[in-house]
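Hi,

Here is the structure I promised to send over. Have a look at it first, and then read on for my notes.

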Amino acid sequence: MRKGIFLFITISFLSNFTAQSLNNEKRILRVSKVTESPKIDGIFDDASWINAAIAKDFFQFEPYNGKTPSLPTEVKIVYDDHAIYFAAKMYDNNPDSILKELSIRDSFDGANADLFAVSINTFNDGVNAVNFMVSASGVQSDAKVTGDDDDENWDAVWESAVEITDEGWNVEMKIPYSALRFPKKDNQTWGIHLFRNIRRYREWSTWNFVDVNIQGFTNQMGEINGIKNIEPPLRLSVTPYVSAYIQNDADNNSWGNDFNAGMDLKWGINQSFTLDMILIPDFGQVQSDDEVLNLSPYEIRYDEKRAFFTEGTELFDKGNIFYSRRIGSQPMNYDKVEDQLNINETIIENPIETKLINATKISGRTNSGLGVGFFNAMTSSAEAIILDTVTNEKRKYTSQGFVNYNMLVVDQSLKNNSYVSFVNTNVLHSDENYTANVTGGEFRINNKENSYQIFGSGGVSQKYTDSTELGHNYLLEFSKTKGNFLFEFMHNTESDTYDPKDMGYIRQNNESTWYAEFDYNINEPFWKVLNWRTEFNMVYQNLYKPRMFSEFNFSLITRTTFAKRYIHTGFFLHFNPVVNHDYFEPRVDGWKFNRPRSGVGNWWISTDYRKTVALDFNAGAWKAFDYDRYGYWFGIGPRIRFNDKWLLSYRLNIDNNYNTYGYIEDFTDGSGNTVINFGKRDVATITNTLNTSYIFNSKMSLNFRARHYWSRVEYTDFYELQKDGYLSSSIGYDTYGENENYNYNAFTIDMNYLWRFAPGSELSLVWKNAIYTNETDIINSFLDNLNNTFESSQINSISLKILFYLDYQYLVKK
């Protein structure tokens, strides 16, 4: 053990020296133009490759940063008037050992396959790039990179082919200029990364040295030059679609059908800017949300899964004021429909979401590094239908009128991978005479060595109805981003009137937060581990108005990966050393709920995904120090890889909390006093998730996902909240006299057959099933509850959708 500690200390001091001692100057490769384009078949027998420039002598990125890779790699690069081409030869003495598990396009996480990737930064600004990746099984993946963020939902149309040989495996790639945006100038200089992953060794290598002690990849690229006199092509494509649905009515068990048609249009306005428009969209096949029972005062943020709103939106993430789930969401007055009912009236239809008419994005970046993005979307009116049960007459109530959403982003790239941005969102409810506007900015300034960084953002929200309401927020952060020892200091303030929720998301306003984080990372292998990373952070929070203390806590996180078996493990400790004041749980301004001192611990372990059977496991517990309040949880997730085509994973999570307290209701009593009732409750949640996929080949797959979420909330006593934040003596269960229990279930199935029958074109057949129940009678037996869930009303839909990609350049050639 002493030897391990000695190595730990030695590596800590020498890791920076090791990286600096390498010949890590930026590599530059001059590429040549060919008159005849190579055939993309994975066989390098074309004349185009004979005199091509070669990138070789890669460096390991991990596990041994800067060392020579276990196996050599050579990459040839040429270009013509239409595309840039790559021929990568991954040498391997044991071709039979090359891992080549099939996976879904754009889904390489955990895939057991060797990989080759190209990352191109056409503006060579150290911030923005596009990635193109191919596995040894021939599956493609692509992504757009902005700083440290990868947009894996971005899709381009490009060609690749893989060939397994006696010497290893080959990848041939053709990336057309229609998939890239580049400056219009005679001589191009592009930033470039070439990556190789040898999966059985868990080894990544790069052509240009990437220092693991410097944050970021795009800022550590090599360069290619020699690209001359290429013209950005006319980038014009349309993707029309047709879809058909059959769906049952959960109330009367009848089936209905629906047919839709629409189109996605992409047009390159010039060499840098692209218009993307969707007309009459259809998002009926998106994966179901993982819905949960929400007992908190905060809105649950669900992921965006609609392709149009996840593709190419990196500019619109600036300023953190855009949450695309607002578009087409629940109507503004959905909950007010019931208040409109007269005697003998009932609601027969109340749309839970608004219908999107169309949406448009324009985005791009100029030669000078100025990025501009514009977004606009429109939703139609939502109308509830109310029936008079005596006269059978129907009338309509508009729960939300026509709404227009738009966003403008201006982002200027600066030297040293820095930038400054301006953002604005605007939401117009024309029928309700309501406008919401948020204006903000964001910046990041790095020093020349990219070792220190200042980040900041701020915004002003404005709401216009009969009066104007203004609010503001700001964030400032200073951090060290290079070396073994890192730190971050941050301050964030959101005023009590700051509200970006019409087009953005905020968990809660009226907060002021001070945050400090200290990291010590060992990125070089030592003793029996590949790396060791440790983080310690502290948080202090108070209300913005009035300036009242709310929370103080600190946390410790440490994690490592063992070298021999590639077992990843770590633990998390979190402490609230003082009584914290929660001003939001009471749901009434000016009130607070005192949360006791407490501690949390969590441990996790993940075994080697290269094995046929792998396992993820975590377990944790929390305890209030001064009260009998506690909880525990654990999760287990086995993964079974039957072969290179079939993968099955299962996840069980159990989370039990005892003697917790939370809000139930508030009202004004006969004396005009505010009364807030709290309850003592036990909360037990079980989540089962099953995922399995069968990949027929690199273009065809079948995926099945089933999830059952069951949460029981059983109240054992009731109290009134006092003004000092503590609870009154027990009201008593019998005295309170109401059943506030929850027995909530969410059961969903998503089954998807996908066939990418041509580049950019696909056919999908989807079955979706959904059951949601919320009852007050607690069911303690898992099987009885499951049976009760299956006997409840459910929605089933089967849909077929066909998209056909039509590219102008391809049609002209034909």
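This is a predicted model: local features need pLDDT of at least 70, side-chain atom pairs count only at pLDDT 80 or more; totals for chains, interfaces and linings use all residues.

**The cores**

The largest nonpolar core has 38 residues. If you want to find the middle of it, go for Ile84, Phe86, Phe116, Phe132, Met173, Trp190 and Leu194, the residues with the most contacts inside this core. Several strands give two or more residues to it, among them strand 6 (83–91), strand 7 (115–121), strand 8 (128–135), strand 12 (168–176) and strand 13 (187–198). Strand 3 (53–55), strand 5 (73–79) and strand 15 (222–228) are also on that list.

As general background, nonpolar side chains tend to be buried together in soluble globular proteins.

There is also a second, separate core of 24 residues, and Leu315, Phe316, Val403 and Ile506 are included in it.

An open sheet of 3 strands is antiparallel, with the order 19-22-23. Its edges are strand 19 (345–349) and strand 23 (394–400), each of which pairs on one side only. On average, and ignoring direction, neighbouring strands in this sheet are turned by 35 degrees against each other. Strand 19 is joined to strand 22 (residues 382–388) by 4 bridges, and Ile347 has Ile386 in strand 22 as its bridge partner.

Further along, strand 26 (residues 434–446) and strand 27 (residues 452–464) run antiparallel and are joined by 12 bridges. Ala436 stands opposite Lys463 of strand 27. The hairpin made by strand 26 and strand 27 has 5 residues between the strands, and Asn450 takes a positive phi near 55 degrees there. Strand 27 then pairs with strand 28 (residues 468–480), again in the antiparallel sense, over 13 bridges.

Strand 32 (residues 549–562) and strand 33 (residues 568–576) pair antiparallel over 8 bridges, with Thr569 in strand 33 as the bridge partner of Thr560. They form a hairpin with 5 residues between them, and Tyr566 in the turn has a positive phi of about 50 degrees. Strand 33 also pairs with strand 36 (residues 598–606) in the antiparallel sense, over 9 bridges. There, the bridge partner of Phe571 is Trp603 in strand 36.

**The charged side chains**

I count 33 salt bridges. In one of them, the side chains of Glu101 and Arg641 meet at 3.8 Å, N to O. This pair links distant parts of the chain, 540 residues apart: Glu101 is in the loop between strand 6 and strand 7, and Arg641 is in strand 38 (residues 630–641). Glu101 counts as buried because its relative accessibility is 5%. Arg641 is buried too, with a relative accessible area of 13%.

Arg595 forms a salt bridge with Asp582, with the closest N and O atoms 3.1 Å apart. Arg595 sits in strand 35 (residues 593–595) and Asp582 in strand 34 (residues 580–582). Arg595 counts as partly exposed, at 31% relative accessibility, whereas Asp582 is buried at 13%.

Lys266 and Asp264 meet in a salt bridge at 3.4 Å, N to O. Both belong to a network of salt bridges that links Asp264, Lys266, Asp276, Glu311 and Lys361. Lys266 is partly exposed, at 27% relative accessibility, and Asp264 is buried, at 17%.

And which buried residue has no salt bridge? That would be Glu511, for which the nearest side chain of opposite charge, Arg507, is 4.8 Å away. Glu511 lies in strand 30 (residues 511–522). Leaving aside neighbours within four places in sequence, Glu511 has contacts that include Asn492, Thr493, Gln541, Tyr544 and Phe584.

Cheers

How values were computed
Residues are numbered from 1 along each chain as its sequence is written. Side-chain values use heavy atoms; hydrogens and water are left out. A nonpolar core is a set of buried Ala, Val, Leu, Ile, Met, Phe, Trp, Tyr and Cys residues joined through side-chain atoms within 4.5 Å. Buried means under 20% relative accessible area, exposed over 50%, partly exposed in between (1.4 Å probe, protein chains only). Two strands pair if DSSP finds at least two bridges between them. Axes are lines fitted to C-alpha atoms, for helices over the stretch in contact, and angles run from 0 to 180 degrees between N-to-C directions. Lys and Arg count as positive and Asp and Glu as negative; His and the chain ends are not counted. A salt bridge is a side-chain nitrogen of Lys or Arg within 4 Å of a carboxyl oxygen of Asp or Glu. Contact means heavy atoms within 4.5 Å.
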